[in-house]
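I opened this model to look at its ring contacts and helix packing. My notes follow in the order I looked things up.

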Amino acid sequence: MAIREILTYPNHFLRMPTRPVTVITDDVHTLIDDMIETMYDEPGVGLAAIQVGSDQSIIVYDASPSEEERQAQVLINPEIVSSEGHQLSENEGCLSVPDFRADVKRAARVRVEGLDRTGQPVAFEADGFLAILLQHEIDHLKGILFIDRISALKREMYKRKRKKQLRQAS
Ligand code: NI
């Protein structure tokens, strides 16, 4: 397993649509293992393949509250097939959007369908934090970042801050 570099805003690759996985090859398994290792290394609670430079429709996540209970989850070709209600995701953040957090309106409950890492179909419902996490990661597969779901004013503030940060780093 290896830790992969996480692409950050405004890298254009993060805006690319992803393509469904049709065959779960050894390369796909390696990618998944690397994504899990990269997620824990950051640490983060979720990661989409596009964030490490792959355009395949894969997410990994772990909503376990503590390190001792770690349980990495994998979804291939995940889709939100229905959602209901509203909740406020407080202080949402993203490994690809450094040094920024904001409240985001999210659905309260989602139904997700996809494949597990062996290719078996899975379908389940989630609410609370897990529902937020799944919406965030599945957004990544459509080129959507959480900053697209906040007010234009806050987004512009972040963009300016990020530009300045990148200028100072170069
Ligand atoms: Ni993210």
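**Entry 1: a charge over a ring.** The model is predicted, and I read it as such. I began with Arg-70, which lies over the face of Tyr-40. The distance from the ring centre is 3.9 Å.

**Entry 2: aromatic pairs.** I counted aromatic pairs next and got 3. Phe-100 and Phe-146 have ring centres 6.1 Å apart and planes at 20 degrees. Planes under 30 degrees apart count as stacked, so I logged this pair as stacked. I then checked where the two rings sit. Phe-100 is in strand 5, while Phe-146 is in the loop between helix 2 and helix 3. The two are 46 residues apart, so I noted a link between distant parts of the chain.

Buried or exposed, I asked of Phe-100 and Phe-146? Both are buried. For Phe-100 I noted a relative accessible area of 15%, and under 20% is the cut-off for buried.

Entry 3: Tyr-158 has 1% relative accessibility and counts as buried. I also looked for a wider group. Tyr-9, Phe-100, Phe-146 and Tyr-158 form one aromatic cluster.

**Entry 4: helix 3.** I checked the length of helix 3. Its 18 residues should span 26 Å at 1.5 Å a residue. The end C-alpha atoms are 25 Å apart, which agrees.

Which residues of helix 3 are buried? I found Arg-155, Tyr-158 and Arg-162. They cover an arc of only 60 degrees around the axis, so they are on the same side of helix 3. The general rule: an α-helix has 3.6 residues a turn, so residues three or four places apart point the same way. On the other side of helix 3, I listed Leu-153, Arg-160, Lys-163, Arg-167 and Gln-168 as exposed. I then asked what covers the buried residues of helix 3. The cover includes strand 5 (97-106).

**Entry 5: Ser-151.** Last, I looked at Ser-151. This residue is in the loop between helix 2 (128-140) and helix 3 (152-169). Ser-151 has a relative accessible area of 39%, so I put it down as partly exposed. I also took its C-alpha separation from Val-104, which is 9.3 Å. Ser-151 and Val-104 are 47 residues apart along the chain.

Technical notes: Residues are numbered from 1 along each chain as its sequence is written. This is a predicted model: local features need pLDDT of at least 70, side-chain atom pairs count only at pLDDT 80 or more; totals for chains, interfaces and linings use all residues. Side-chain values use heavy atoms; hydrogens and water are left out. Helices (H or I, at least four residues) and strands (E, at least two) are DSSP runs, numbered from the N terminus. Buried means under 20% relative accessible area, exposed over 50%, partly exposed in between (1.4 Å probe, protein chains only). The expected span of a helix is 1.5 Å times one less than its number of residues. The arc is that of the directions from the helix axis to the C-beta atoms. Contact means heavy atoms within 4.5 Å. Rings of Phe, Tyr and Trp (its six-membered ring) pair if their centres lie within 6.5 Å; planes under 30 degrees apart count as stacked, over 60 as edge-to-face and the rest as tilted. A charge sits over a ring if NZ of Lys or CZ of Arg is within 6 Å of the ring centre and within 35 degrees of the ring normal.
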